[in-house]
Amino acid sequence: MLVGHYGVALLVKRLEPRLNLGLLFGAAMLQDLVLWGLVLYGVENVHSPADYSHGRFLTFDFPYSHGLLASLLWALMAGSGGAWFALGNLRARTFLLLAAAVFSHFLLDVLVHVPEIPLFGQQSRKLGFGLWKHLPLAISLELVLATCASIIYLRSPEPTAKRVVIGMMMTLLAVLTASQLWASQPPSSTQVAVSSLFLILTTCGIGVWVDRHSNGEKT
Ligand SMILES: [Zn+2]
């Protein structure tokens with residue numbers, strides 16, 4: 001799951017426009033940021049199945065970034081961190097919305113990953129409905145989530161924000177579709193970790209820029 005996570009961030013932005021869009025992108029992608037950081041340090045692992053050219057999805061050992069217990073803890077930490085910096089009546093709302101944005105990553109990933117998302121540690125029971133085994137279905141789900149979220153987000157008042165964010169969503173969707181439908185060679189774990197971190201941090205930067213630019217437009 002990639003674009004669907006950004007869709008959740010756009011929905012949360014509509015619910016609470018005072019939350020920074022870059023922060024929301026980071027919250028929805030927090031567990032992947034942790035995953036790719038831990039992959040680079042050799043703490044979590046990504047594998048290319050022998051039949052990669054047929055299935056075109058990677059598999060993971062990722063109890064600390066994506067397990068159920070870990071996901072709850074990441075959500076709790078992100079919500080608490082956001083609430084700490086929020087002001088007055090925005091505090092409780094920030095906690096709930098940031099925690100929900102983070103935890104939504106677990107729920108969406110359970111839909112697409114093969115059964116590899118552990119409840120607790122790596123040896124515990126694993127979840128995953130394996131939609132990636134049916135790529136057209138998985139990509140359709142991303143498309144539906146991205147389209148619905150974009151339509152709802154389009155009702156926001158800032159014209160520049162609309163153009164940039166919708167352009168970003170379409171680019172992500174194109175990158176995802178190209179990589180999942182046509183890639184024949186599995187990337188190395190370092191390659192995929194570095195490129196994913198770059199992609200996520202770039203989108204967070206775009207979110208911060210869009211928010212600043214929108215605020216400037218309104219004043
Ligand atoms: Zn993930």
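Met169 is buried, with 20 other C-beta atoms within 10 Å. The burial classes count other C-beta atoms within 10 Å of a residue's own, placed from the backbone: buried is 20 or more, exposed is 12 or fewer, and partly exposed lies in between. This is a predicted model: local features need pLDDT of at least 70, side-chain atom pairs count only at pLDDT 80 or more, and totals for chains, interfaces and linings use all residues. Numbering starts from 1 along each chain as its sequence is written.

Met169 sits in helix H9. Helices (H or I, at least four residues) and strands (E, at least two) are DSSP runs, numbered from the N terminus. Leaving out residues up to four places away in sequence, Met169 touches Val3, Tyr6, Ala146 and Ser150. Contact requires C-beta atoms, placed from the backbone, within 7 Å. Asp51 is 118 residues from Met169 in sequence and 29 Å from it in space, C-alpha to C-alpha.

## H1 against H8

The axes of H1 and H8 come within 8 Å and cross at roughly 20 degrees. Axes are lines fitted to C-alpha atoms, for helices over the stretch in contact; angles run from 0 to 180 degrees between N-to-C directions. H1 and H8 are therefore roughly parallel to each other. The classes are roughly parallel under 35 degrees, roughly antiparallel over 145, roughly perpendicular from 65 to 115, and oblique for the rest. The crossing is left-handed. That term applies if the near helix is turned anticlockwise from the far one by less than a right angle; clockwise gives right-handed.

On the H1 side, the contact residues are Val3, Gly4, Gly7, Leu10, Leu11, Lys13 and Arg14. They meet residues of H8 including Leu141, Glu142, Leu145, Ala146 and Tyr153. The contact of H1 with H8 divides into 10 nonpolar, 3 polar and 3 charged residues. Here Ala, Val, Leu, Ile, Met, Phe, Trp, Tyr, Cys and Pro count as nonpolar, Asp, Glu, Lys and Arg as charged, and the others, Gly among them, as polar.

## H1 against H7

H1 (residues 3-15) also packs with H7 (residues 90-112): their axes come within 10 Å and cross at roughly 155 degrees. That makes H1 roughly antiparallel to H7. This crossing is right-handed.

Gly4, His5, Val8, Ala9, Val12 and Leu15 of H1 meet Leu97, Ala101, Ser104, His105 and Leu108 of H7. The residues of this contact comprise 7 nonpolar, 4 polar and no charged.

The largest nonpolar core has 44 residues. Such a core is a set of buried Ala, Val, Leu, Ile, Met, Phe, Trp, Tyr and Cys residues joined through C-beta atoms within 7 Å. Ala9, Leu24, Ala27, Ala28, Ala101 and Val102 have the most contacts inside it. H7 gives the most to this core, with 9 residues. Val102 touches Ala27, Leu30, Trp74, Ala75 and Ala78, not counting residues up to four places away in sequence. A second, separate core of 6 residues includes Leu35, Trp36, Val46 and Ala193.

In helix H2 (residues 21-28), 8 of the 8 residues are buried, so H2 is largely enclosed by the rest of the structure. Among them are Leu21, Leu24 and Phe25.

## Leu127 in strand E4

Leu127 lies in strand E4 (residues 126-127). Leu127 is partly exposed, with 19 other C-beta atoms within 10 Å. Beyond its neighbours within four places in sequence, Leu127 contacts Val110, Pro115, Ile117 and Leu119. Glu116 is 11 residues away along the chain, with 5.9 Å separating the two C-alpha atoms.

Terms used. Contact = placed C-beta atoms within 7 Å.
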